[in-house]
Amino acid sequence: MAADRPGDTSLPSSPWPEPIASDIDAGHFRTAESAIAKALAQPGLDDTRRAALLFQRERMRRILLDFTLDADAVKTRLRKAIPDLTDAEFARWDAAGLLEKQVVDGRTLYFNRAPGNLFRISAEARARRKDPKPFDDGPNEILNDHHRAIRAEALRTGKVNVLPMRERVTQTLTVHPDAVPAGETIRAWIPYPQDIPGQQDDIRLVGSEPVKAEVAPASTAQRTAYLEKKAEAGKPTVFSVTYEVTLRGRYVDIDPAKVKRVPITPDLAPYVAERAPHVVFTDDMRAFSKNVVGEETNPYRIAQKLFAAVDDIPWAGAREYSTISNIGDYTLHAGHGDCGEQTLLLITLLRLNGIPARWQSGWIFSDDRYDNIHDWGQLYLAPYGWVPMDVTFGRLAPGAHARPGDDRLAWFYLGGLDAYRIAFNDDFSQPLVPAKTFFRSETVDSQRGEAEWKGGNLYFDQWDYDFRWQRLDMPQGGGPAR
């Protein structure tokens, strides 16, 4: 078992086996596996290099779980929405790169979510659907009274953090029956709220299953509650954590004329730096930035331009982050991305322009039935300090009931934040407390949880997760999980 026990590695996709990683990205899996086996057989191999090699082997396995469809399977799925889809249409969309795929050792494999993503990416494909129903996006992606109320209260009071809401949340991680032999101990990590004064605070652990959850210190960048439980034959193993937290909306009334460049202090320096593998100032990144930014010098105006450019990249469901060797670069070239991919691209572009930027992520929900995992970030603008940014929600367009003054809220998510979100993470790719023994299922983010036993990591296909919430400071509200 020692060969599969790499120890705690918060960045297992180390760039050390560069040729091997490149072969995997190019779909040369047999070549990569041969190189991994040869390297592992070398005497004196240190633990860091061994872990990096083992992760590249695991990355291939995970890619094959994400890419399982052949062309006929994709056509079959598409014809559920477009019954008269022609082979010529499919070929045109495929040639344009609108259907994500990878050629693995000569086999063309399509991403499992490629058929659904097509309608996100292509207006032509959307127009061909027999049932043009809207996508099930979050209610706060359209300008609404919540945004209006946050801005109005912030301007009225002169405060940044306003309109507190008290929520009770139960998060559950359920390992499938017999995924682990009976009697063996399963270790589980369930995400837990960061303590961020003003944004979210007054956090209280209400209970857990099993009892005595070990909550990571408040200083932990990816905070969790840790639990252990023995597996029983034929039964699911259920872990849960219930907590209460006070959440607030945020709004910074930014005057572009007041925004100035400031010297990069030691505290800010990490947030303008490259951070391989996912934040790298490549030649293509520099060219894209120059084309977008032009001759602009005001940091806020630069941020607006970059925010708008990334906002214009369509949202689409993502493959597992652990399978991507450089998320910022991947998103730039894929022409689509989910919230974390868009956020890492924007963070890279902002840092490239000398604007400090950092990560946040967690969970979003509503007063009704909507909830989902989500990633966003923050940027530093003097004299305002750290302000929120959510490029996936992007520039807000008025809904069916626009009001005078709504144009002032178009940039709400570049300096503002709704209250319907819980941040678990203040950084990406950071170690858990206590440390995992085996590779994480999610090497970048921490929203669904993690689980393992002495035999290895338990991947996402071996357990399920759930999020339930209840509003405590009003009689009605809250809602069931999706």
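1. The chain exposes about 20,700 Å², of which carbon and sulfur atoms supply 51%. This is a predicted model, and buried residues make up 54% of the 482 residues in the chain.

2. As for the overall fold, the chain holds 12 helices and 17 strands. Its radius of gyration is 23 Å, close to the 23 Å that the globule rule gives for 482 residues, so the chain is as compact as a globular protein of that length. Along the principal axes, the C-alpha atoms fill a box of roughly 65 × 60 × 55 Å. Among contacts in the chain with a separation of 6 or more, 73% are between residues 24 or more positions apart.

3. The largest pocket has a volume of about 1,300 Å³ and is lined by 47 residues, with Arg113, Trp315, Gly317, Asp338 and Asn372 lying nearest its centre. By class, this lining has 20 charged, 19 nonpolar and eight polar residues. At least two lining residues are supplied by each of α3 (47-66), α12 (339-352) and β11 (371-381), and the largest share, five residues, comes from β11.

4. Which residues are in contact with Phe119, leaving aside its neighbours within four places in sequence? They are Leu78, Ala81, Ile82, Ala125, Arg126, Arg129 and Phe135. Phe119 itself is found in helix α6 (residues 114-121), and it counts as buried because its relative accessible area is 8%, under the 20% limit. Phe119 and Ala81 are 38 residues apart in sequence, while their C-alpha atoms are 9.6 Å apart in space.

5. Two cis peptide bonds deserve a comment. A cis bond joins Ala276 and Pro277, with omega about 10°, and Pro277 is found in the loop between β9 (237-251) and α9 (283-293). The peptide bond from Ala382 to Pro383 is also cis, with omega near 10°, and Pro383 has its place in the loop between β11 and β12 (385-389).

6. Positive phi values at residues other than glycine are the last topic. Leu163, although not a glycine, has a positive phi of about 55°; this residue is in strand β4 (residues 161-175) and is partly exposed, with a relative accessible area of 31%. Asp178, likewise not a glycine, has a positive phi of about 65° and lies in the loop between β4 and β5 (185-191). Asp178 counts as exposed because its relative accessibility is 52%, over the 50% limit.

Definitions and conventions: Residues numbered from 1 in each chain as written. Predicted model: local features only at pLDDT ≥ 70, side-chain atom pairs only at ≥ 80, totals over all residues. Heavy atoms only, no water. 1 Å grid on protein atoms, 1.4 Å probe; cavity = no way out; pocket = protein on both sides within 12 Å on 5 of 7 lines; lining within 4 Å. Points joined across faces, edges and corners; volume = space filled by probe spheres on them. Helix = DSSP H or I, 4+ residues; strand = E, 2+ residues; numbered from the N terminus. Nonpolar A, V, L, I, M, F, W, Y, C, P; charged D, E, K, R; others polar. Rg over C-alpha atoms; globule rule 2.2 N^0.38 Å. Buried < 20%, exposed > 50% of the residue type's maximum accessible area, 1.4 Å probe, protein only. Contact = heavy atoms within 4.5 Å. Areas by Shrake-Rupley, 256 points an atom, 1.4 Å probe, with all protein chains shown as cover.
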